[in-house]
Amino acid sequence: MKPAHPNSKNRGFLYHLHPPLVSQNVLKFTHTWGLGGSALVLVLMQIVTGVLLLFVYSPTPEAAYPSIIALQQDVLFGKLIRNLHHWGGNFLVFIVFFHMLRVFFTGAYNNIRKVNWWIGLGLFLCVLISNFTGYLLPLDQLSYWAITICTGMFEYIPLIGTVIQKIIIGGTEIGKATLSNFFAIHVALVPMCLAILMPFHFWQIRKAKGVICPVPPPNSPDDAGVQKVKSVPHLVSREAVMALVIIAILFLLSVLFNAPLADKANPGLSPNPTKAPWYFSGLQELLQHFHPLIAVFVIPFFTVLSLICLPYLKFEKAAGGLWFLSKKGRRMGFVSAAIALVIAPVLIVLDEYIINISVLLPGVPAVVADGVIPVVLLMFFMMGFYKIMKNKFVASREEGVQAVFIFLLVCFVVLTITGVWFRGAGMALTWPWNLK
Amino acid sequence: MVSRGGDGTDLAVEFKIIMTKDKKEKSAQSVENRRGFLKKLWIGLGIVALVEMAGVIAAYLRPKKQKADAEILGRIITAGSADNFEKDSVTAFRRGQFYLICLDDGGFMALSRKCTHLGCTVPWVASEKKFICPCHSSVFDISGAVVQSPAPRPLDTFLVMIENGIVKVDTGKKTKRSTFESSQVVYL
């Protein structure tokens, strides 16, 4: 076999996924924050702990909950393994989300990296589906009702919603068929997709000649940054440290905090409040403020659509590898985030206690009063925001779009936090210390 | 120089050449046709195979009917004699997952216990005489009509039949409705 690189011996295939040489400035921790590698470590951890759990878990409505109890009580380190799997899954959503933000804010999604952006979106979807399907498996009160309301959201998707809902649930009530579906997706379908997409994802980075990094101006005196160094030991040692840190954090979490387990699922008794898993609680919070058609269909649909279409944004200047495009972009980002941090909570509180469009406009259908009108108002607001930011900072279009993106992102984070920590009994607003 | 058509043999030769050329062209054409046909056949077969696979997958994903037979027997639930239910009362039937309502005018309704908002189970709060959903605080009155959103429509109904004074509910037929109408109430 012909070696792929003079210094390599027999690692030809591995070099398709992991580079033999790496640019020096990519090694800087704050350039990537090691997020992609962390995600890989967590996926591998999930596979190891997941296989262990598979030996104990029984995917039938009668046996599922008792098997979790047995796991926690009778199996050696059973509780720890379940905690690792639970926190690992949640941690993974978190890491993958930040990884996506990193890729977005360093502009690593266009030209040659276009396909990899889409693969990344696919991987993100896999992680979300995996978490969502895994959520049901213990079949306790928490998971049963969270899945009930999440699958209930499908009903508001026009035309195909009820069909999709029936297919996912496998009937009209969460039961045996739902558990079979979710189990199959969780332990077979999603891992299979990950196994195909992940190597593809890594190979695409190699095709793009490595992680994105700023191109230095020609004839710049300091060209040390683009100098290539050997991956072993320079990159591999860093990856190993990151992996160990991630594993340490995960173990620490799992030793300190138990994965939640409520009573056995009781279809006759909805707990108060019933909340979606935290990564969907932003969506659930949207439901508190908008007509379901808008909250569950229009907003998510256009969010996903714009993420898919992102690589087609026409660029005024090639911005690759620089965080937030430029110093100005970063400043605009801070301003947008600060504005969103004030406006979003204010709007949530106003909508909860004061504004009620459907009362102001009696006779207007709910879709218009709670859906179209607020959305149109918000769109006008966003357009104004974009124009003002762009003019005020004399910014390029990309910097303006980025400011809007950051604004919406912070709003979404605020919605999620509100849903998780500020919603109590009957989903009324409350303080975190008053929960439960 | 040989003039065209001037000599018989030349003509014959020329004719032959034309014939062979024609044959070659024709055979090339027929090969092309054959290949094109086979290619189309492959594509067609591929599409058929894909459709078959999609069909199989759809069949696997279709809501399972394992309990269907058992359910037909247990679908119609006998609630009891109509005299047993007081006016203005709500009786929960766990097995059929519905509430039997006896309105103050003596009319009967069977309401699904599933909230029309996101599918939580709605309890009857006797002290307030209302159905209050614990998940997102939708409120319904005794007839299932929405008192307070976010629920978008009244509670779904099941078919109520009164035969010889005995109230029966068909839990197989759930009806969605947009408003409360008197036609939804069944009288003795």
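Student: What makes the residues around B:C120 count as its contacts?

Tutor: This is a predicted model, and the test is simple: C-beta atoms must lie within 7 Å. Skipping neighbours within four places in sequence, B:C120 has contacts that include A:W145, A:T148 and A:I149 from chain A, plus B:C115 and B:C133 from chain B.

Student: How many residues does each chain bring to the contact between A and B?

Tutor: Chain A brings 22 and chain B brings 14. On the chain A side, helix 7 has the largest share, five residues. By class, that side has 12 nonpolar, nine polar and one charged residues.

Student: Why are helix 6 and helix 7 of chain A called oblique to each other?

Tutor: Their angle is about 130°. Roughly perpendicular stops at 115 degrees and roughly antiparallel needs over 145, so the pair is oblique.

Student: Which residues meet where helix 6 and helix 7 of chain A pack?

Tutor: A:F132, A:Y135 and A:L136 from helix 6 meet A:S143, A:A146, A:I147 and A:C150 from helix 7. By class, that contact has six nonpolar residues, one polar and no charged ones.

Conventions:
Residues are numbered from 1 along each chain as its sequence is written. Chains are lettered from A and ligands numbered from 1 in the order in which they are written. This is a predicted model: local features need pLDDT of at least 70, side-chain atom pairs count only at pLDDT 80 or more; totals for chains, interfaces and linings use all residues. Axes are lines fitted to C-alpha atoms, for helices over the stretch in contact, and angles run from 0 to 180 degrees between N-to-C directions. Helices (H or I, at least four residues) and strands (E, at least two) are DSSP runs, numbered from the N terminus. Angles under 35 degrees count as roughly parallel, over 145 as roughly antiparallel, 65 to 115 as roughly perpendicular and the rest as oblique. Two residues are in contact if their C-beta atoms, placed from the backbone, lie within 7 Å. Ala, Val, Leu, Ile, Met, Phe, Trp, Tyr, Cys and Pro count as nonpolar, Asp, Glu, Lys and Arg as charged, and the others, Gly among them, as polar.
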